[in-house]
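These are my notebook entries on one structure. I record what I looked up, entry by entry.

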Amino acid sequence: MSSEVAARRDAKKLVRSPSGLRMVPEHRAFGSPFGLEEPQWVPDKECPRCMQCDTKFDFLTRKHHCRRCGKCFCDKCCSQKVALRRMCFVDPVRQCAECALVSHREAEFYDKQLKLLLSGATFLVTFGNSEKPDTMVCRLSSNQRYLLLDGDSRHEVEVTRIAAVQMLTEGFPPGGGNARATGMTLQYTAPGAEGMTQLKLTAGEDANGSRRQATAWLVAMHKAAKLLYESRDQ
């Protein structure tokens with residue numbers, strides 16, 4: 001990839017919307033696949049009452065729009081200002097209680113899992129029906145649009161082309177609990193190819209903590225896949 005193309009992928013600009021300041025990609029085609037579009041606000045004339053508690057709006061009871069869902073609420077039902085990174089807001093924005101809860105949960109992805117995906121982990125990687133896996137480092141690109149696989153060769157998988165993700169697990173720890181993640185299969189459409197292409201990631205034997213890093217990366221990627229599907233269903 002040329003440095004010029006890479007610069008275009010990562011270029012951003014500051015824009016002002018009715019909801020606040022947003023730092024968005026300069027070229028929309030290079031936006032994060034995990035992002036959400038700003039919702040259309042419910043017109044003021046269509047919401048004479050709070051859409052949560054049914055309080056009537058008047059001179060003293062003002063209406064506020066939730067920046068995530070676009071619905072109208074009174075101050076009591078829409079008082080929280082929470083970071084909304086999936087819409088690229090620079091500062092925390094006003095959200096209703098339900099949306100604020102969702103945004104708080106997503107903050108863990110941006111604060112923890114996304115950092116793991118960007119830093120990468122080492123896997124045994126099998127492409128399609130190949131019988132011989134390659135040792136490769138898999139990481140998410142800085143603009144979050146590509147899975148980059150580096151080893152003896154280099155491959156890119158566009159995140160938006162991933163159609164299915166399945167976690168591979170084994171056993172259950174003593175005393176109960178969740179099974180341990182050992183790998184993952186991804187099905188995606190490759191440019192110019194017919195049908196689906198399969199990619200299998202397998203965490204190798206533990207060496208200097210690499211197995212632990214790989215397991216954490218798999219869990220983070222599984223969470224990322226859920227956000228990706230939510231973005232598609234918006």
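**Entry 1: helix H2 and the sheet**

I began with helix H2, which lies across E7 and E8 and runs at about 135° to E8. For such angles, axes are lines fitted to C-alpha atoms, for helices over the stretch in contact, and angles run from 0 to 180 degrees between N-to-C directions. Helices (H or I, at least four residues) and strands (E, at least two) are DSSP runs, numbered from the N terminus.

I note the basis of these entries: the model is predicted, local features need pLDDT of at least 70, side-chain atom pairs count only at pLDDT 80 or more, and totals for chains, interfaces and linings use all residues. Residues are numbered from 1 along each chain as its sequence is written, and side-chain values use heavy atoms, with hydrogens and water left out.

I then traced the sheet. It is open, is formed by 7 strands in the order E10-E9-E8-E7-E13-E12-E11, and its pairing is antiparallel; two strands pair if DSSP finds at least two bridges between them. Strand E10 (154–158) and E11 stand at the edges with a single partner strand each, so one side of each has no neighbour in the sheet. On average, neighbouring strands of this sheet are turned by 30° against each other, direction ignored.

**Entry 2: strand pairs**

I looked up individual pairings next. E8 and E9 run antiparallel and are joined by 4 bridges; Arg 139 stands opposite Leu 148 in E9. E11 and E12 pair in the antiparallel sense over 8 bridges, and Gln 166 stands opposite Thr 185 in E12. E12 also pairs with E13, again in the antiparallel sense, over 6 bridges. There, Thr 185 stands opposite Lys 200 in E13.

I checked the burial of E12 as well: 7 of its 9 residues are buried, and the strand is mostly covered. Buried means under 20% relative accessible area, exposed over 50%, and partly exposed in between (1.4 Å probe, protein chains only).

**Entry 3: nonpolar cores**

Which residues have the most contacts inside the largest nonpolar core? They are Leu 147 and Trp 217, in a core of 35 residues. A nonpolar core is a set of buried Ala, Val, Leu, Ile, Met, Phe, Trp, Tyr and Cys residues joined through side-chain atoms within 4.5 Å. The elements giving two or more residues to this core are helix H2 (97–119), strand E7 (121–127), E8, E9, strand E11 (162–170), strand E12 (180–188), strand E13 (197–203) and helix H3 (210–232). H3 gives the most, with 9 residues.

I listed the contacts of Leu 147 (heavy atoms within 4.5 Å), leaving aside neighbours within four places in sequence. Among them are Cys 138, Leu 140, Val 157, Ile 162, Leu 186, Trp 217 and Met 221. A second, separate core has 11 residues, including Cys 72, Cys 77, Cys 78 and Cys 99.

**Entry 4: aromatic pairs**

I found 3 aromatic pairs in the structure. Rings of Phe, Tyr and Trp (its six-membered ring) pair if their centres lie within 6.5 Å; planes under 30 degrees apart count as stacked, over 60 as edge-to-face and the rest as tilted. The rings of Phe 34 and Phe 109 have centres 5.6 Å apart and planes at 70°, so this pair is edge-to-face. The pair links distant parts of the chain, 75 residues apart: Phe 34 is in the loop between strand E2 (20–25) and E3, and Phe 109 is in helix H2. Phe 34 is buried at 2% relative accessibility, and Phe 109 is buried at 0%.

The rings of Phe 109 and Tyr 110 have centres 5.3 Å apart and planes at 85°, so this pair is edge-to-face. Tyr 110 is buried, as is Phe 109. Ring pairs link Phe 34, Phe 109 and Tyr 110 into a cluster.

**Entry 5: Arg 68**

Is Arg 68 buried or exposed? Arg 68 counts as buried, at 14% relative accessibility, and is found in the loop between strand E3 (64–65) and strand E4 (72–73). Its side chain makes a polar contact with the side chain of Glu 106 (2.7 Å). A polar contact is a pair of N or O atoms within 3.5 Å; within protein, one must be able to donate a hydrogen and the other to accept it, and residues adjacent in sequence count only if both atoms are side-chain atoms. Not counting residues up to four places away in sequence, Arg 68 touches residues including Leu 36, Pro 39, Arg 86, Cys 99 and Glu 106.

**Entry 6: positive phi**

Most residues other than glycine have a negative phi. Cys 88, not a glycine, has a positive phi of about 65°. Cys 88 is in the loop between strand E5 (80–82) and strand E6 (93–95), and is partly exposed, with a relative accessible area of 27%. Gln 144 has a positive phi near 70°. Gln 144 lies in the loop between strand E8 (134–140) and strand E9 (146–150) and counts as buried, at 14% relative accessibility.
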